[in-house]
Amino acid sequence: MINKAMIHPTALIDEGAHIGEGTKVWHFTHVMSGAAIGKECILGQNVFVASGVVLGDRCKVQNNVSLYTGVVCDEEVFIGPSVVFTNIKTPRAFIERKDSFLSTTISRGASIGANATIVCGTHIGSYAMVAAGAVVTHDVGPYELVAGVPARVVGYVSKRGCVLCFNQNGKAICPESGALYQLVEGKIIPLHDE
């Protein structure tokens, strides 16, 4: 379905691409055949979406991002400007390795900051937050805040993206929503939904 989406005249949507209702595709963006973009997504300027990429509903992909084959995003994922994804760990210009592509999955509500690099074969958990400029080489757990090169856990965030400060009992309250979270052996457990 493309007719109920907003497609800028300079965007290129290949035949066989699926663009969900209410999605906006901006200047100089290219969506290849076989890509599936959900409802109410926003693809910024100069975005490339390869065949086989899946974006769930209400995802936002900012300017200058290339989503290569193997990238799968659940609903409400945010991908900041100039984020880099890879799909093979040992690239060589003179060796064809398309049968070696590794997938990258990003779970619901996760956010990836500007200029971060996501190495293929990783999973980013629900509501996790990757700091700007981080290089993700390993899986990121739900609600984890990772930063640095390579990215390491530096804290935890709420569903709304607020940094959580845990008390001696391992409990924290989201300062925006008032939702309560429990930290148990390095894992976050929301005690009620926001």
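Mentor: Start with a cut-off. A salt bridge needs a side-chain nitrogen of Lys or Arg within 4 Å of a carboxyl oxygen of Asp or Glu. Keep in mind that this is a predicted model.

Trainee: What makes Glu176 and Arg160 a salt bridge?

Mentor: Their side chains meet at 3.8 Å, N to O. The limit is 4 Å, so the pair qualifies. Glu176 sits in the loop between strand E23 (171-173) and strand E24 (180-184), and Arg160 in the loop between E22 and E23. The two are 16 residues apart.

Trainee: Why is Glu176 called exposed?

Mentor: Its relative accessible area is 53%.

Trainee: How many salt bridges does the rule give?

Mentor: The count is 6. One of them joins Glu75 to Arg58, with the closest N and O atoms 3.3 Å apart. Glu75 lies in the loop between strand E12 (71-73) and strand E13 (78-79). Arg58 lies in the loop between strand E9 (54-55) and strand E10 (60-61), 17 residues apart from Glu75.

Trainee: Which salt bridge does Glu75 form with Arg108, and at what distance?

Mentor: The closest N and O atoms of Glu75 and Arg108 are 3.3 Å apart. Arg108 is in the loop between strand E15 (104-106) and strand E16 (111-112), so the pair ties together parts that are 33 residues apart in sequence.

Trainee: What are the accessibility labels for Glu75, Arg58 and Arg108?

Mentor: Glu75 has 27% relative accessibility. Arg58 has 32%, and Arg108 has 34%. Hence the label partly exposed for Glu75, for Arg58 and for Arg108.

Trainee: Which residues do shared partners join into one network?

Mentor: Arg58, Glu75, Glu76 and Arg108.

Trainee: Why does Thr122 count as buried?

Mentor: Its relative accessibility is 3%. Buried means under 20%, so Thr122 passes. Thr122 is in the loop between strand E17 (117-118) and strand E18 (123-124). Leaving out residues up to four places away in sequence, Thr122 touches Ser103, Thr104, Thr105, Val136, Thr137, His138 and Asp139.

Trainee: Where is the backbone oxygen of Val119 relative to the side chain of Thr122?

Mentor: The backbone oxygen of Val119 lies 2.9 Å from a polar atom of that side chain. The limit for a polar contact is 3.5 Å.

Trainee: Are Cys120 and Cys162 buried or exposed?

Mentor: Buried is the label for Cys120 at 0% and for Cys162 at 11%. The cut-off is under 20%.

Trainee: How do you know that E19 and E21 pair?

Mentor: Strand E19 (residues 129-130) and strand E21 (residues 144-147) share 2 bridges, in the parallel sense. Pairing takes at least two bridges, so they pair. Met129 has Leu145 in E21 as its bridge partner.

Trainee: What sheet do they belong to?

Mentor: An open sheet of 9 strands, ordered E1-E4-E7-E10-E13-E16-E19-E21-E22, with mixed pairing. Strand E1 (6-7) and strand E22 (152-156) are the edge strands, because each pairs on one side only.

Definitions and conventions: Residues numbered from 1 in each chain as written. Predicted model: local features only at pLDDT ≥ 70, side-chain atom pairs only at ≥ 80, totals over all residues. Heavy atoms only, no water. Helix = DSSP H or I, 4+ residues; strand = E, 2+ residues; numbered from the N terminus. Buried < 20%, exposed > 50% of the residue type's maximum accessible area, 1.4 Å probe, protein only. Polar contact = N/O pair within 3.5 Å; in protein donor to acceptor, adjacent residues only side chain to side chain. Contact = heavy atoms within 4.5 Å.
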